[in-house]
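Please keep the sequence and the structure in view while reading.

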Amino acid sequence: MYSAHAVEAWLRTRPERVEVIEFLPVSGARAKYLRDLAAEKGVHCRFLDGKEAVKDEQLASVGWRAIVRPYPYASLSAFTRLEGPQLVVVLDHVMDPRNVGAVIRSTLAAGGAGVVIPRDRAARITAAVESAAAGACAYLPVAQVVNLSRALEELKRAGYWVAALDARAEQSLFGTQLPPRIAVVTGGEEGLSRLVRETADFLVHIPMDPRVESLNTAVAASLACFWWRKGQAET
């Protein structure tokens, strides 16, 4: 089920993605706000009878639900054709939708250009991802690619440096001035794949207390995003 933040963001940016929003007869202020916004944007609204709430616990709890068309993935060229300083975050087979959503939100917050995910063995952009991203998916392009290492090579040909986060790396993220045009790669639950590690221009680790083995991938990506932003602010 899509969150209110996600639906509101699409209504404001690309309302045609929202097919219909269904409401129970009795709903709260948030539902009324979405109903008014949907009407303003020309999105169809439909009222359900109380029997629907018996079938759908989430509908019963919030009073509405949205039927949304599939997520419109961007192409990698959306990033390669950009000029000047840019940040792209590449997720190496991250399976947890909450992590993917959190990374998308952090990338947008840090001023990044977008996120790249692989087509296979990875979370796709679903309602769970969009809810975790709290509306950021409507503003930040996400490209889905067949081959991640090939996509990194394409980014490199477009002038991006590729930095991969790796706990075994000798170089510290916080001792590194990240290039203004960069693709930051973070691994999923199983870490970086071999080909992705070999494709990277350099590897960096995030220094931390030795009692902590590793960071959640979304937290690690967020730190890298804002380290890049800090560097841009200082130049």
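This is a predicted model: local features need pLDDT of at least 70, side-chain atom pairs count only at pLDDT 80 or more; totals for chains, interfaces and linings use all residues.

Arg-65 belongs to strand S3 (residues 64-68) and Glu-22 to strand S1 (residues 18-23), so the pair ties together parts that are 43 residues apart in sequence. Glu-22 has a relative accessible area of 5%, and because buried means under 20%, this residue counts as buried.

## Pairs within a helix

A salt bridge also links the side chains of Asp-36 and Lys-32, here at 2.9 Å from N to O. Both of these residues lie in helix H2 (residues 29-41), where they are 4 residues apart, or about one turn of the helix. Asp-36 is partly exposed, with a relative accessibility of 40%, and Lys-32 is likewise partly exposed, with a relative accessible area of 44%.

In helix H9 (residues 194-199), Glu-198 and Arg-194 are 4 residues apart, which means that about one helical turn separates them. Their side chains meet in a salt bridge at 3.3 Å, N to O. Are these two residues buried or exposed? Both Glu-198 and Arg-194 are exposed.

## A network and the total

Salt bridges can also be followed through a group of residues, as Glu-8, Arg-12 and Arg-30 are linked in a network of them. How many salt bridges does the count come to? When a salt bridge is taken as a side-chain nitrogen of Lys or Arg within 4 Å of a carboxyl oxygen of Asp or Glu, the count comes to 16 salt bridges.

How values were computed. Residues are numbered from 1 along each chain as its sequence is written. Side-chain values use heavy atoms; hydrogens and water are left out. Helices (H or I, at least four residues) and strands (E, at least two) are DSSP runs, numbered from the N terminus. Buried means under 20% relative accessible area, exposed over 50%, partly exposed in between (1.4 Å probe, protein chains only).
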